[in-house]
Amino acid sequence: MGESREEEEVREKTGMRALVKWYLSKLSKNQVVTNMMTMGTVFLMGDFVSQQLIEKRRKDHEVERTVRSAALGGLYIAPLVTLIYNTVDKVFGPSQSPINAIKKVGLVSFGSPLTTAGYITLNNFLQGESKPFSQTLHQLRYDLPTIVMTGYLIWWPTHFFLLTMIPLRHRVLVSNFVGVLWTGYLTYAANRDTRETAKLHSTGEVEN
């Protein structure tokens, strides 16, 4: 006879607990490396969501772009996120009070434009001649403000929840669930061709 529904639920919960226990064990041994691996996976998943669900590329999926996104997520974003979370806790202390959380969210938000600008610049640089520096400048001028504001709308409430409810060592893991959706948008915005947008701005058809 097959497993009952209750037995299946117990087995699934046991497997999930084992996975979380394994993750926390790795995290305690090497926080940065574990977060790099996790964030790389999140960016890989995010770009897959972007290409398949947002852009509907289907069989025209750009594998090189997905690999590039995963590399940037793991090697660039993850160390920064780890540094930011550790820094805000050192600056404002471990208290998870709402007032302290607001201060921490403010500090985290301060670095968002620089982090996002760095991601866009590195993403274009890795594409070589296919993305000239002039297009990077167009993206930083026309797209960066929208990307950053969208990020604030997503991450302000997320960070407030993380900083008031989630212990420090678990925050990157929890934020990764939201991160899949965010990176789906980020990789879409960072990789779309903005030359048409820049043209509209130069002709005055789009308000600055």
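What pattern does the protein follow when read along the sequence?

## Overall fold

Read along the sequence, this predicted model follows the pattern α-α-α-α-α-α-α-α. The secondary structure comes to 8 helices and 0 strands.

The protein has 208 residues, and 40% of them count as buried. Its accessible surface comes to about 12500 Å², with 67% of that belonging to carbon and sulfur atoms. Among contacts with a separation of 6 or more, 73% are accounted for by residues 24 or more positions apart.

## Helix α5 against α3

Two packed helices are described by the angle between their axes and the distance between the axes. Helix α3 spans residues 63–92 and helix α5 spans residues 112–125; they pack at an angle of about 150°, with axes 11 Å apart. Angles over 145 degrees count as roughly antiparallel, and α3 and α5 are therefore roughly antiparallel to each other. Their crossing is right-handed.

On the α3 side, the contact is made by Arg68, Ser69, Leu72, Tyr76, Ile77 and Leu80. These residues meet Leu114, Thr115, Gly118, Tyr119, Leu122 and Asn123 in α5. By class, the residues of this contact divide into 7 nonpolar, 4 polar and 1 charged.

## Helix α5 against α6

Helix α5 also packs with helix α6 (residues 133–165), here at an angle of about 135° and with the axes 9 Å apart. That angle makes α5 oblique to α6. The crossing of α5 and α6 is right-handed.

From α5, the residues in this contact are Ser112, Pro113, Thr116, Ala117, Ile120, Thr121 and Asn124. Their partners in α6 are Thr136, Gln139, Leu140, Leu144, Ile147, Val148 and Tyr152. The contact of α5 with α6 has 8 nonpolar and 6 polar residues, and no charged ones.

Most residues other than glycine have a negative phi. Lysine 56 has a positive value, with phi near 55°. Lysine 56 lies in the loop between α2 (31–54) and α3. Its relative accessibility is 54%, so lysine 56 counts as exposed.

Arginine 58, likewise not a glycine, has a positive phi of about 55°. The place of arginine 58 is also in the loop between α2 and α3. Is arginine 58 exposed or partly exposed? At 48% relative accessibility, arginine 58 counts as partly exposed, since the exposed class requires over 50%.

Definitions and conventions
Residues numbered from 1 in each chain as written. Predicted model: local features only at pLDDT ≥ 70, side-chain atom pairs only at ≥ 80, totals over all residues. Heavy atoms only, no water. Axes fitted to C-alpha atoms, helices over the stretch in contact; angles between N-to-C directions. Helix = DSSP H or I, 4+ residues; strand = E, 2+ residues; numbered from the N terminus. Parallel < 35°, antiparallel > 145°, perpendicular 65-115°, else oblique. Left-handed = near helix turned anticlockwise from the far one by under 90°. Contact = heavy atoms within 4.5 Å. Nonpolar A, V, L, I, M, F, W, Y, C, P; charged D, E, K, R; others polar. Buried < 20%, exposed > 50% of the residue type's maximum accessible area, 1.4 Å probe, protein only. Areas by Shrake-Rupley, 256 points an atom, 1.4 Å probe, with all protein chains shown as cover.
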